[in-house]
Amino acid sequence: MRKHRVNRASGQDNCRWRFYRSGKEIPITVKGRFFSDENRATRQAAQKGLGIGFLPQYSVTDLIMSGELKQILSAYMPPPTPVSLLFASRQYASSAVNETINFLEKKLG
């Protein structure tokens, strides 16, 4: 990783990416010339060949499926993070809330 250009979060002099192998964390300090703390900007930088990006799977699935990006180090990815969406009742929820729920169900399964 130290020999590759990476896209990393802004404001971090010593950005650490955390990889995992057999349940053990392997922190790697990366350096790079492109800085962003926004997934869309990091995604676009990776698309344009500006370096390696460390992004959530859901944000790049379409680019991986199309062959535009290639997933690397998949054996070292962190365990999945559970996501919970809590709301009182869908019966009286606004259309915006219902659309958000439908979107998240489709995107995250």
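**Exercise 1. Place Arg43 in the fold and list its contacts.**

Solution. Arg43 sits in helix H1, which covers residues 39–47. Helices here are DSSP runs of H or I with at least four residues, strands are E runs of at least two, and both are numbered from the N terminus. The structure is a predicted model, in which local features need pLDDT of at least 70, side-chain atom pairs count only at pLDDT 80 or more, and totals for chains, interfaces and linings use all residues. Residues are numbered from 1 along each chain as its sequence is written, and side-chain values use heavy atoms, with hydrogens and water left out.

Next, take the contacts, meaning heavy atoms within 4.5 Å. Leaving aside residues up to four places away in sequence, Arg43 touches Leu55, Ser59, Val60, Asp62 and Leu63. For Ser59, the backbone oxygen lies 2.5 Å from a polar atom of the Arg43 side chain.

**Exercise 2. Find the salt bridges and state how exposed their residues are.**

Solution. Apply the rule: a side-chain nitrogen of Lys or Arg within 4 Å of a carboxyl oxygen of Asp or Glu. The count is 3 salt bridges. For exposure, buried means under 20% relative accessible area, exposed over 50%, and partly exposed in between (1.4 Å probe, protein chains only).

- Step 1: Arg43 pairs with Asp62, with the closest N and O atoms 2.9 Å apart. This pair links distant parts of the chain, with Arg43 in helix H1 and Asp62 in helix H2 (residues 57–66), 19 residues apart. Asp62 is partly exposed at 44% relative accessibility.
- Step 2: Arg18 pairs with Glu25 at 3.4 Å between the closest N and O atoms. Arg18 has a relative accessible area of 39% and is partly exposed; Glu25, at 36%, is also partly exposed.
- Step 3: Arg40 and Glu38 meet through their side chains at 3.5 Å, N to O. Arg40 is exposed at 60%, whereas Glu38 is partly exposed at 32%.

**Exercise 3. Identify the largest nonpolar core and the elements that build it.**

Solution. A nonpolar core is a set of buried Ala, Val, Leu, Ile, Met, Phe, Trp, Tyr and Cys residues joined through side-chain atoms within 4.5 Å. The largest has 6 residues: Cys15, Trp17, Phe19, Ile28, Val30 and Ile52. Two or more residues each come from strand E2 (15–21) and strand E3 (24–30). E2 contributes the most, with 3 residues.

**Exercise 4. Examine the positive phi values of Ser22 and Leu73.**

Solution. Start with Ser22, which is not a glycine but has a positive phi of about 55°. Ser22 lies in the loop between E2 and E3 and is exposed, at 77% relative accessibility. Then turn to Leu73, another residue other than glycine, where phi is near 60°. Leu73 belongs to the loop between H2 and helix H3 (95–108) and is partly exposed, with a relative accessible area of 34%.

**Exercise 5. Describe the protein chain as a whole.**

Solution. Count the elements: 3 helices and 5 strands. Along the sequence, their order is β-β-β-β-α-β-α-α. Of the 109 residues, 20% are buried. Among contacts between residues at least 6 apart in sequence, 49% join residues at least 24 apart. Finally, the chain exposes about 8500 Å², of which carbon and sulfur atoms supply 52%; accessible areas come from the Shrake-Rupley method with a 1.4 Å probe, and for residues only the protein chains shown count as cover.

Methods:
A polar contact is a pair of N or O atoms within 3.5 Å; within protein, one must be able to donate a hydrogen and the other to accept it, and residues adjacent in sequence count only if both atoms are side-chain atoms.
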